[in-house]
Amino acid sequence: MANIAFIGLGNMGGPMAINLVKAGHQVCVFDLSASAVEQVVAQGATTKTTASDCVKNAEFIISMLPAGKHVDGVYLSPETGLINHIAKGSVVIDSSTIDAGTSQKVAKALAKQGINFVDAPVSGGVGGAVAGTLSFMVGGSEQEFSQVEPILNAMGKNIFHAGNHGAGQIAKVCNNMLLSVLMVGTSEALQLGLANGLDAKVLSNIMSKSSGSNWTLDVYNPCPDVMGNVPSSNDYQGGFMVDLMAKDLGLAMDTAVASQSSTPMGALARSLYAMHAGSGNGAKDFSSIFNLFNKK
Ligand code: NAD
């Protein structure tokens with residue numbers, strides 16, 4: 001069992017840290033929010049007054065932070081950066097969804113101090129974090145991947161090696177861009193059927209067994225009351241927030257611009273999600289884009 005420091009105990013990080021404790025690891029946790037720390041300590045983790053105290057004896061340091069600026073600051077800040085406190089030979093696992101450029105910058109700076117790094121963003125949402133069934137998309141060397149795989153197994157079901165540093169982040173934005181396009185397409189198809197007198201359950205069943213079948217239709221139907229246990233049947237509460245999808249689509253567009261890639265469907269989905277977020281839907285689940293196409 002390993003000594004692990006876990007920084008960032010929000011909706012995702014909290015349950016991920018608890019799964020590491022359940023797997024028998026020694027986990028020292030830190031967050032700016034005292035109540036977030038308390039919840040994980042109540043499940044058997046320890047804590048220290050600063051993040052730097054937590055990482056000193058850790059073999060693995062895992063972070064689950066909102067955006068690139070937080071990851072950059074936590075590791076590389078000239079005043080408080082953990083880079084000055086992490087032991088040589090330790091491995092940093094950053095599971096935040098951020099731009100690949102920041103992941104590569106942090107990886108390079110840590111490598112100069114003899115510290116290994118992988119970017120390991122996740123898919124599977126809060127439900128997957130709680131159940132320990134996340135998918136991890138890992139960017140790092142073969143050796144770094146084999147070091148982190150056993151640790152990630154305590155929090156996830158599918159652990160993929162995407163390529164070198166930054167590749168995990170690229171895989172994550174490609175996946176979420178595709179997911180957004182599928183969600184928009186499924187939503188407009190269902191609304192078209194409804195506007196022409198079809199029953200949403202009947203149409204969903206037909207399309208999910210025909211060539212239009214896709215993940216959003218099969219397990220995350222955006223039309224209320226077609227499926228139980230999905231956000232659309234719970235007033236679009238829980239699940240994956242519109243604001244987070246809009247953030248990920250922004251990262252996808254930055255990635256497309258940097259590589260001069262053509263992503264017209266992703267660009268349209270980004271605009272639709274930005275508009276939807278701007279109309280006061282940012283905290284709802286991303287399947288609420290269904291309402292954008294409601295003729296009523
Ligand atoms: P969150 O806002 O719930 O949690 C972030 C946590 O980081 C907060 O508790 C905050 O206090 C803490 N934090 C911020 N700055 C800190 C610092 N300097 N030191 C210590 N703690 C600090 O966010 P979340 O939903 O848990 O998402 C985390 C990351 O995972 C994001 O990058 C997000 O895009 C990604 N993600 C989220 C989901 C999801 O469904 N929520 C799914 C996949 C990926």
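Analyst: Start with Val 130, which touches Pro 15 and Asn 19, leaving out residues up to four places away in sequence. Contact here means heavy atoms within 4.5 Å. This is a predicted model: local features need pLDDT of at least 70, side-chain atom pairs count only at pLDDT 80 or more, and totals for chains, interfaces and linings use all residues. Residues are numbered from 1 along each chain as its sequence is written, and side-chain values use heavy atoms, without hydrogens and water.

User: Where does Val 130 lie?

Analyst: Val 130 is in helix α6 (residues 125-131). Helices (H or I, at least four residues) and strands (E, at least two) are DSSP runs, numbered from the N terminus. Val 130 and Ile 18 are 112 residues apart in sequence, with their C-alpha atoms 8.4 Å apart in space.

User: What makes Cys 28 and Cys 54 a disulfide?

Analyst: The definition asks for a pair of cysteine sulfur atoms within 2.5 Å. The S to S distance of Cys 28 and Cys 54 is 2.2 Å, so the pair qualifies. The structure holds one disulfide.

User: Why is the disulfide of Cys 28 and Cys 54 called left-handed?

Analyst: The torsion about its S-S bond is about -70°, so it is left-handed. Cys 28 sits in strand β2 (residues 26-30) and Cys 54 in helix α3 (residues 51-55), so the pair ties together parts 26 residues apart in sequence.

User: Which domains does the assignment give?

Analyst: Domain 1 (3-164) and domain 2 (170-293). The bounds come from an automatic or database domain assignment. Their C-alpha centres lie 29 Å apart. The contact takes 11 residues from domain 1 and seven from domain 2.

User: How much area is buried between domain 1 and domain 2?

Analyst: About 690 Å², with carbon and sulfur atoms giving 67%. Buried area is the accessible area (1.4 Å probe) that two parts lose on being put together, summed over both. Thr 97, Ala 100 and Met 137 supply 51% of the area that domain 1 buries against domain 2.
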